[in-house]
Each structure stands twice: as C-alpha cells, then as structure tokens.
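Below are some notes for a colleague who has not seen this structure before. They are set out as numbered points.

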Amino acid sequence: NDTVSQNVTTVIPNKTVDNPAPVVNETIKYNLTVINTGNITITQNMTLVDSLPDGLEYAGKYVVSGGRVISFTQNGKILTWIVTGVTTTTPMVITVDVKVTKAGTWTNNLTLNNYTVHETVTTIGSNKTVDNPTPIVGQTIKYNLTIVNTGNITITISESEIIICDL
C-alpha cells in the first residue's frame, strides 16, 4: 500500500469590531483575522484589503499578531496589506484603529484574495438644546439632551452608561 499525503492551505478571513455602537469622534478597533485551516504554514503572499465606508477613517495605527506583514498601503479609505506566514496554530490578527467621523450605519468590507466578509457598525447621535440661550446671572436654565439611534439595530444602554461632559 502506498500512502499519499497532500499539503493543503485554506484561509478564512474574519472581521470584528470592539464597539458596534460608537459615537461620533470615537476611535474603534477592527480586528482583521486570517485563519489558516490547512495543514501547513502559508508561505505565499496574500492580499488583505479593508475598504472603509464614508463615515469611518483610518486613525493612523495598526498592530499585528501572528503572521507577517510584507507591506501596507493606504489609498484614501482603502487599506491594503500584503501578508504571509500564517500558521495552522496561530491566526494572524491585524488590529486597526478607525475613527468615526459621522453618525450612521455602515457595512465595512474585508477582502482576502477576492473573498469578502462584512462587519456592521451603528453610531449613536445626540443633540442638546437649552430653553434660554441668553440667561442672566443667577437664572436657572434647562438643557434637553436627546440621544438618537441612527442605525438599524437596537442598542440598549442604561442610565449609568451615559456620561455627560459639558464645560
């Protein structure tokens, strides 16, 4: 009997976010993960592309664990890494800092060698009004703070999670 063994490399991209309901001007972290489900370390170069939608922008920082980045380029909202060296025991994770620039709901795409996965982010908007914009000294005024879910998913927050900073 002859035994034939075959080396197989299969990669799966995945994308998660640390905060799926951020506020405008907050920096969130996306984890771009490449999982090798094959039986050998990947030695060929792979192209990993993160396409940021309008409302999100690259905050200028990423951190890598597992695998190896050969190169990184930013062209507007398109972030591209050439990666290799993903083992069968340790996935490659690129943690990318992204700033939320406006309220809304976005589907953010990650593509690895023409295979695309998605992650959705919904922001919370707020508006503050005052009953008297020109009070005199000693007069009591009232502020009305409205928090609006601008997305398409339900967000549950408690009063203890709301922090109001107004100087």
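**Notes on the structure**

1. K15 is buried, its relative accessible area being 2%; buried means under 20% relative accessible area, exposed over 50%, and partly exposed in between (1.4 Å probe, protein chains only). D50 is buried as well, at a relative accessible area of 0%. The side chains of K15 and D50 meet in a salt bridge, with 2.3 Å from N to O. A salt bridge here is a side-chain nitrogen of Lys or Arg within 4 Å of a carboxyl oxygen of Asp or Glu. This pair links distant parts of the chain, since K15 is in strand 1 (residues 11-17) and D50 is in strand 3 (residues 46-51), 35 residues apart.

2. On the source: this is a predicted model, in which local features need pLDDT of at least 70 and side-chain atom pairs count only at pLDDT 80 or more, while totals for chains, interfaces and linings use all residues. Residues are numbered from 1 along each chain as its sequence is written, and side-chain values use heavy atoms, with hydrogens and water left out.

3. The protein has eleven strands and zero helices. Helices (H or I, at least four residues) and strands (E, at least two) are DSSP runs, numbered from the N terminus. Of the 167 residues, 29% are buried.

4. The accessible surface of the protein comes to about 10,300 Å², and carbon and sulfur atoms hold 50% of it. Such areas come from the Shrake-Rupley method with a 1.4 Å probe; for residues, only the protein chains shown count as cover.

5. Among contacts with a separation of 6 or more, 66% are between residues 24 or more positions apart. A contact means heavy atoms within 4.5 Å.

6. How many salt bridges does the structure hold? There are three. Besides the pair in point 1, D97 forms one with K29, the closest N and O atoms being 2.7 Å apart. D97 lies in strand 7 (residues 92-100) and K29 in strand 2 (residues 27-36), so this pair ties together parts that are 68 residues apart in sequence. D97 counts as buried at 10% relative accessibility, whereas K29 is partly exposed at 33%.

7. D54 forms a salt bridge with K102, and their closest N and O atoms are 2.7 Å apart. Both residues lie in loops: D54 is between strand 3 and strand 4 (56-65), and K102 is between strand 7 and strand 8 (105-112), so the pair ties together parts 48 residues apart in sequence. K102 counts as partly exposed, at 37% relative accessibility.

8. Which residues touch the most other members of the largest nonpolar core? They are L32, L48, W81, I94 and V96, out of 23 residues in that core. A nonpolar core is a set of buried Ala, Val, Leu, Ile, Met, Phe, Trp, Tyr and Cys residues joined through side-chain atoms within 4.5 Å. At least two residues of this core come from each of strand 2, strand 3, strand 4, strand 6 (78-84), strand 7 and strand 8. Strand 7 supplies the largest share, five residues.

9. Apart from its neighbours within four places in sequence, L48 is in contact with L32, V34, L79, T80, W81, I94, L110, T111 and L112.

10. N19 is found in the loop between strand 1 and strand 2. With neighbours within four places in sequence left aside, N19 is in contact with E26 and I28.
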